Each structure stands twice: as structure tokens, then as C-alpha cells.
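Here are my notes for you, as one reader to another. Keep the picture open beside them and look up each piece as it comes.

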Amino acid sequence: MKEVINLPVKNIEEEEYHINMGPQHPSTHGVLRLVVSLQGEIVKNLKPHCGYIHRGIEKMCEKDTYPQIIHLTDRMDYLSAHINNHAVCLLVEKALEVDVPERVKYIRTIVDELNRIASHQLWWCSFGMDMGGLTCYFYGLRDREHILDIFEESFGSRLLHSYYTPGGLMMDIHPNFQKSVKDFIKYFRRKIKDYDDILTGNIIMQERTKGIGILSKEDAISYGVTGPSGRASGFACDVRKHHPYGVYDKADFQEILGTEGDTFTRYMMRMHEMRESMKIIEQLIDNIPAGDYSAKMKAVIKLPAGEYYQRVEASRGELGVYCISDGNKTPYRMKFRSPNFSNLSALDHMSRGVKIADLVAIGGSLDYVIPDIDR
Amino acid sequence: MNFSIYDFTSFNQWIDQFLRAHMPGFWAVAIEMTIIGLAILLFYALVGLFLVYAERKVCAFMQNRVGPNRVGPYGFFQTIADFVKLMLKELIHIKNADQLLFNLAPFIIIIASFMAIAAIPFAKGLHAIDFDIGILYVIAVSSLGVVGILLAGWSSNNKYSLIGAMRSGAQIISYELSVGLSLVTIVILAGTMQFSQIVEGQANGWFIFKGHIPAFIAFIIFLISSTAETNRGPFDLAEAESELTAGFHTEYSGIKFAFFFLAEYMNMFIVASIAATVFLGGWMPFHMGGWAGFNHIMDFIPPFVWYIGKTFFVIWIMMWFKWTFPRLRIDQLLTLEWKYLLPINLVNILIMAFVVLMGWHF
Amino acid sequence: MNSFFKYFADIFRAVKSLLTGMKVTGRYFFSPGEIVTQQYPENRKTLKMYDRFKGEVIMPHNEQNEHRCTGCGICENSCPNGSIEILQDKIDMPDGKKKRIIDKHIYHLSMCTFCGLCIKTCPSDALAWGQEFEHAVFDRAKLTKILNKPGSSIIKDIVE
Amino acid sequence: MDNTALKERILALVPDAEFQENKQFLTFIIPPAKMHDLAVTLKTDAALAFDYLFCLSGVDMVKFLEVVYHLESTAHGHQLVLKTRTADRDNAALDTVCDLWRTAEFHEREVYDLMGIRFTNHPDLRRLFLEEGWIGHPLRKDYKDEVNIVEL
């Protein structure tokens, strides 16, 4: 006869189990691993495990000259590559006290905003996919393709451009640039209605996101959640407004703040931001002043010894570049305060007590890009 | 009215008499059953393959894409190529999985959908078996599929599969009610549960027109709840790709996965046929009262074409749902059923009973 | 009574929002003119990349098989990944001096990140972007290219 | 509060804080023992209210290891940079600030992982990017890895 094993009696209702979401999971948008403790379908807590795509960009920067760093920052948050490059360029220009031509500032601002729209389009379509609406994905990519075409025409590549250089730009914009940007704005103003029709107004989506994953303003500040996600909680953190760079001080745009701090507000923030970005581009595109596309720079850029910090508003939040120079042509220490890194740290706090499906929605609304977290 | 040109009854009787004249009755029945079985199997495979192709094309057009267009003309043989690929793929052996149940589950699902197809009338006289409780039989058999899903989820020894299976269980138990009750609404109007008589009853107008408002509401509810019952569209929680990777069939590969895949499409075909038969007149042509010439032209379109056309129309609507809406969450799914569909359905039955009682239908 | 109306208002609102979404997909279903897919291998003949497209680094040669590279090595230094290697050679000039010329300009396409620093820093504009983008090969060694063509020489009037 | 008032205030709170010249930010070097107390005051004092820690970085200055805190007050808009140093390279340990600014939890884990500074009282101090059992801390200047780091 078989021996009867007395297992310890557990209350099944309270029993927790763990599942690994990722590193290969459709909704982690890359190689992020979330160890989720579940009780039934309710998330009790989760632990993010990063580092699957850690390339040591900060260490590599210590070996590279300042123009060479640009091609590394491209690859941090690859969806806002221009904006990352902008941060490094501004830092070098600030350290050397170089005055870049107005034309460069205008072009950089316009390209940054185009990049932001492209990034938010990809966010929108992948958010739709996280929610289970697969058609959204193709509509988002369809419209993003137009921006990538503009980029390809002017800068030669679609995703990782390395277009900015310390002191200016790699090359001047293509003669067609202004026309194609204006065409795109006209096109996208028409197509963004599809986005609202198919996802924003949808009752299923609204019911799934309203009141889910609430992050209070205090928590948002404490966790350093910035960008659209932080602004959804009411945290006025738009670097473009508070520490303007480029020609953002000349453009008229709103910093839209939410109050709820839930998934739906984060969604709406990005939808509004796309429209605000279009507004900025429309104001600037016709006023690009003539001039040189780069300031005169020395062949070998050496930063004076000291510490520099530059903040820019990347499409997912505040990107900070902290550089310590010892006067050489390579930085002594380069630190990137990446927006996704801080945003991810709040995921555990936000997703306690929600269902797995909500966890996916919250993750989608935070819009994390894993290479930016791991660097 | 006269459908004799496309009537299969005499043809069937002729085969039956021919066989019985040449052999004992037992053998005749056995041969008939084999023929019917093979015919349904062939039909099943063809429809399954076509539906996979159709879904890809439909979703591609909705998403501004072209869809499959490499294998054969307009990519028509794409699904056959896929099926060959799936047959040749390795069957992954799962450690610590319950092997018996794990291997059994795909068959349960496919047998359940196979059994349901037997009762569906494709044309006059063209059905495997005409139960006098046809609707009840189909509801009962089609809900057997959930057993397969539960077994698949349980035996895979995978938490994603288990969550998917449990979701599916809750979902199908709830939505079974709505499917049944919305059909009951029409049964009240038709006064029978036999499919052949339901179709005959729609000779002078489909039930969705005859029963006007309550029948229309029942049709909508049937569409929603049958979409849910086939684990499709916005109700695909059991295999929620972005949450559970592939839900209950995460661990399946090769031909076993193909079984799940095929069964999903066949279930869709079955519920669409039921919707077409019960609400849209099945193989009955479209007739307008008083327009004799028009009705005569309609009669010349074969009933099988009518039936397939209506079924694919319903399938197209279900695909339209799937490729438009985001997925529901499990609590929303249950809220929709218990707070909205079920009460509306019950009231709707009362209204229908009242309408029939007062003779307010057409 | 209020909640009764709210119940039906909710249903109405929900159905309306769902129909709005279905209108969008339905519209695209019936308008095949909106299809954006490129039929890639079929449209090879008409497919033209933009002039500035960064396909690969090339060294343009003129009809006399002459290029502009002096072999100074600035591109090699400015490359962040070491994807350029320059093998130099010395030749005797007629006036008795030795002159540095390029022997092989080796370009590892597999390591290139297309940052464009070599092209930007080149003092004699010897390098340029090529529009070729079909780089897939079965052998990794084929991705290592020698940019100066065999037997080529430098254009006469280039001075460092 | 403008920078001069802020400077006086910090020096009043921590008299042995060392002021460091920097064009952009008001920078102080704080002795490690007093760092946490100062942080509590900075966070809670209504006039200071530094509630937003926007960057926390570890720096290896060879002679000592340094942690740099970039602080901002969302209410007042003033910014401040604090640094603490520890000369002990083998058992570097500093007080955590993640009880005040929750974002520090991840940043400190990153610094621990890549720079090897332990943070006492940190709730979950594990390596963040590298696997458990990795030898060495890559961002240190004396880190050697012949296999993975290719010198050009």
C-alpha cells in the first residue's frame, strides 16, 4: 500500500505563486523579466530583473571621444534617438561655451518633436496591442512610416541617425524637408482621428484603464517618474518648459497636466502630447533661419575639467547626462539618468492589487524601452 | 413554394434503397455512416483551411495590408503550406506534464466541434442527422470543447496555460447561458427545436425579420456570446497573447497545435452556421412577400450557396469584432454577461413570448 | 429610476463607441486603395533609395580608376568601433622623396554602426555613402570589404 | 530660495560641509555620517523641500568613491548637488536615502552593482544588471576584463 503523505494544509485562497513575465514575453517590449507574485489573477508584488541587454554604455563612453559618444546614445532609447543625442550635444556645447547657430537650434527642435511623435505613435500602437487590439499596431506603424521616410530622406537612416554632432549637425536638412514635414502634419492631423475612434473612445479600453495603476503626485515625484507618465499624476516635470533648451522658449505650447494618475490619464497625456508636438512643429517649420548648419568646432574636442549636467525631455521623460571631465578628449565619467529606469522602479508600487491584464496595461502606459533601462 | 430542384431528400433515399437492395441492412447503414463521416471530415478540413486564409485576408485588409500573397494565386495555398509545416514540426515533449491528458486534450476539442457539425442542415435533405432536439444537441455538444481546454491548461504543467484554462472555464460557463437563452427566444417563435423545421418555418421570411425587435436583440446577443464561447475576438482571454503568451495552448506544438488552431476556426464556423440557420433562414433563399418574380429568381440560387453565404457573412462580422476591439478583462467579461446580457436576454424572452402570444410577429 | 436610465445610457454609450471603432476598420476593409504594403522583391526595379541613404561606406572612383584617399588614417581614428583598417604603403616619388599612399582601405561592414564620422572627418572627401542595402551574405568574411579598387591610384591634385 | 541663501542654510545645517565650485549647481561635499540627517532635513523642511532626486550617480575618483545626489525642489524650483565620499574601496558603505526618495532604491542598486558601494539600510540591495556572483564592479577604474572589454 502506498504511504499517505501528509502535505501541510494550505489555504488555497491565500496561496501565492510566481510567474516569470519575460525575458521573452510579448508585452514586456523587450528583454525585461518581471517576477510576478500572484494570488489567483491578482498581482501581489513584482520584482523587475534588468540587465538582459546591459551593454555598459557608461563604461564605453569613458573610452570614446565626444563625437563618438553620439552613436552610443542613439542606442539607449532607440525610439528617441535624436533627443538622446541632443542631450550630449548640449552638454558639450555648454561645457565649451559654444554658440550654436540659430538654424541648428530650430532644426534640432523640429527633429526632436518629430522624433517624439514617432515614438508616441509606436507607443500607441504597442499599447493597443497590449490591450489586445492588434489592428492598432498597424495603424500606428503606418503613420510612423511617414516620419521615418522624412528622417531617411534627410539623415540617411530611419531609426538610429547619429544626426547631431557637438556644435551642430552632421549635414544640412534636405531641401524637401520642410515640405514633407508640412505634408506629414496635414496627413497626421487627419489620421489621428482614427486613433481616437478605434482606441481612445472604445468602452472596453476605457473600462480597462480608468482607475487602474494609480500613481499619486507625491509618489510620482518620489519615484522620479517623469515624462507623460509623471505629468499624468500632476507632476510638472516638462524640461522643455522648466529648463528650456533649443528654441522651446520661442514656441508656444502647453504643458498638459493630468490629475488622476491612472493608466487612462497616462494614455491621454501622450495623445495630447502628439498634438502639442505638431503645434510646435507648425510654429517653427516655416521660420527656420538661414545660416550655417554647424558651429566651428576644433577637430579634437576636449572639455575643460569639471562637472556638467544636461537635462532634456526625451519622449518618455527626463533624460539627464552627467559628465565629469578631466580635460581629456574622453570623459572621465559619463552617467545617463534615463527616464525609463526611474519609471520602471514605480511599476511595483503601481501594480499591487491589480490583475495580470492590468499589469500589462500599466506596463504599456509606462512605455518602457528596455535598452534605455539597461544601458 | 417549390425547392424540389435542389432537394437532396430523394437522392438520399435513392442511395439508401440502392444499398439496402444489395446488402444486409447493417452493412448498408455502416457504409452510409462511413460515407457521411468521410464527407464531413473532408468538409471540415477544407472549411478550416479556408477560414484561416479568410481571416488573414480580412484582417490584412482591415489593417491596410495585403495579407498572404506569395503561395499560389493571392496566397490561396498559404494555409496548406502552413499546415504542412505544422505537420512536419517536432512535437515537443513536456517534462512533468500529464502525458495522457496532454495528448487527449486536442482530440476532445476537435471531436466536440466535429460532433456539432453533424446536426447542421446544409441544404434541404443535406444533413447528417436531423434530431428533433437539434438546437439542444448542438448547444450541449459545442460546450464540450471547454473540457479539452481545461485539460490542456491543466496538463501542460505551465502557469500561463493554467490561468488561460481557468479563464476559459469561467467564460464558457457564463456565456453558455446567453447562447442558450438567445436561441430559446427563437425556439418560442419557431415552435420547434428541429433544425429542418426551423428552416422550413422561415420560407416566408427569416426569423430575424419575422420576430423583428426581440429577434434582432436575440441575434445580437447570440453573436456576442457565441464569439465569447469560441474564445475569439475581444473575448480571447484564454489565449490572451499579450498577457499569457498563448494561454492554454502555450506548450503545444506541431500537429497538436494545429488541432487547436483548426478547432477554433471550426467552432467559429459552427456558431456562425447556427446563427445563419436559426436567425437568417439557413439554406432558405431570401424572399419578399408578394414579389413572385424576385422570389423565383432567388429560388434558382442553390440552397447550399445561400447557407454558405449567410454563414460567411456572420463569420465576417465576428472577424470584424476581433480585429477592431481590444480584449476585455476577466471581470469585465463576467460583468458583461451577468449584468447586461443575461437580464436583457430574460426580458427579451418575455417580450418574445408576448409577441408570439399576441400574434404580433409577421 | 435614475439608475435604470443610467443602465440603458451605459449600454447605448458602449454600443456607440464600439460602432465608431468598427466604422474605422470597416472603412479600411472596403478601401483597398489605402493599402501601404510595399511588394519588396518585386519592386526592386522601381525601388530607389534616397540619395542620403546610409547603406554602406564606399570610396568613389572616377573613370580613370582614381580615388581621393591619401591614406592619412583620420577615418580609422574617428571610427568608434574599429571597423576601418588602413594598410599604408610608401612609394618613391620622381623627386626622390617617399610618399605615403594607401595600400588597402579595409572596411568591416559587420562592425559598422553607420554613424558617419569617417565620412564627416575625411579631409579629402574620399569616402561617401553608398545606397546598396542588400547586404545579407552566407559567409561573414564577405562583409569585410576593400574599398579602394585593385590598381587604383590617387587623383593627382589631392594634397593633404 | 536663491543660491546664496541656500548655501548659508546648508552650511548652517552641516558646518563641516565643503563647498565646491560649479557653474551650474550649488555643490557641497558632505561627510558620509551626516548625509542621511541632512537628507531628512532637506526633504522635510518646508523652506527647502527637496522632494525630487533627479539623479544619483556613483563616481570612482581612484582615491575615493563618490556618490553624487542631484536634488530639485518641485515647489520652489531650486537645485542642489550633494556629494559624499568614502575612501574605503574594499568595503565601501554609505547610508541609503531610498527611505526619502523612492527612486534611489533602483539607483543605489545600480551604483552597488557597477561601482561596488554598499548602502546600509537599503531594503533590497542586490545586483541590478549583472548576475549574482559577478566578480568585480565594472565602472571602477581598476576593473579589468580581458574577455569582454576590447581595447581598440
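1. First, some ground rules. This is a predicted model, in which local features need pLDDT of at least 70 and side-chain atom pairs count only at pLDDT 80 or more, while totals for chains, interfaces and linings use all residues. Residues are numbered from 1 along each chain as its sequence is written, and chains are lettered from A and ligands numbered from 1 in the order in which they are written.

2. Start with chain D, which has 3 helices and 7 strands (DSSP runs numbered from the N terminus: H or I of at least four residues for helices, E of at least two for strands). Reading from the N terminus, the order is α-β-β-α-β-β-β-β-α-β. Its radius of gyration is 16 Å, close to the 15 Å of the globule rule for 152 residues, so chain D is as compact as a globular protein of that length. (The radius is taken over C-alpha atoms, and the rule is 2.2 Å times the number of residues to the power 0.38.) Along the principal axes, the C-alpha atoms of chain D fill a box of roughly 50 × 30 × 25 Å.

3. Now turn to chain C. It has 3 helices and 7 strands, in the order α-β-β-α-β-β-α-β-β-β from the N terminus. Here the radius of gyration is 29 Å, well over the 15 Å that the globule rule gives for 160 residues, so chain C is more spread out than a compact globule. Its C-alpha trace spans about 105 × 35 × 30 Å along the principal axes.

4. Where do the domains of chain C lie? Domain 1 covers 2–34 and domain 2 covers 44–154, with bounds that come from an automatic or database domain assignment. The C-alpha centres of these two domains of chain C are 58 Å apart.

5. Chain B is also divided, into domain 1 (8–79) and domain 2 (89–358). Their centres, over C-alpha atoms, are separated by 19 Å. Domain 1 of chain B brings 14 residues to the contact and domain 2 of chain B brings 17 (two residues are in contact if their C-beta atoms, placed from the backbone, lie within 7 Å). On the domain 1 side, α1 (9–22) and α2 (25–62) of chain B each supply at least two residues, and α2(B) gives the most, with 11 residues.

6. By comparison, no contact joins chain B and chain D, whose closest C-alpha atoms lie 25 Å apart.

7. Finally, look at a helix pair. Two packed helices are described by the angle between their axes and the distance between the axes. The axes of α6 (residues 177–200) of chain A and α1 (residues 2–29) of chain C come within 7 Å and cross at roughly 130°; axes are lines fitted to C-alpha atoms, for helices over the stretch in contact, and angles run from 0 to 180 degrees between N-to-C directions. α6(A) and α1(C) are therefore oblique to each other (under 35 degrees counts as roughly parallel, over 145 as roughly antiparallel, 65 to 115 as roughly perpendicular and the rest as oblique). The contact is made by A:D194, A:D197 and A:I198 of α6(A) with C:T20, C:G21, C:K23 and C:V24 of α1(C).
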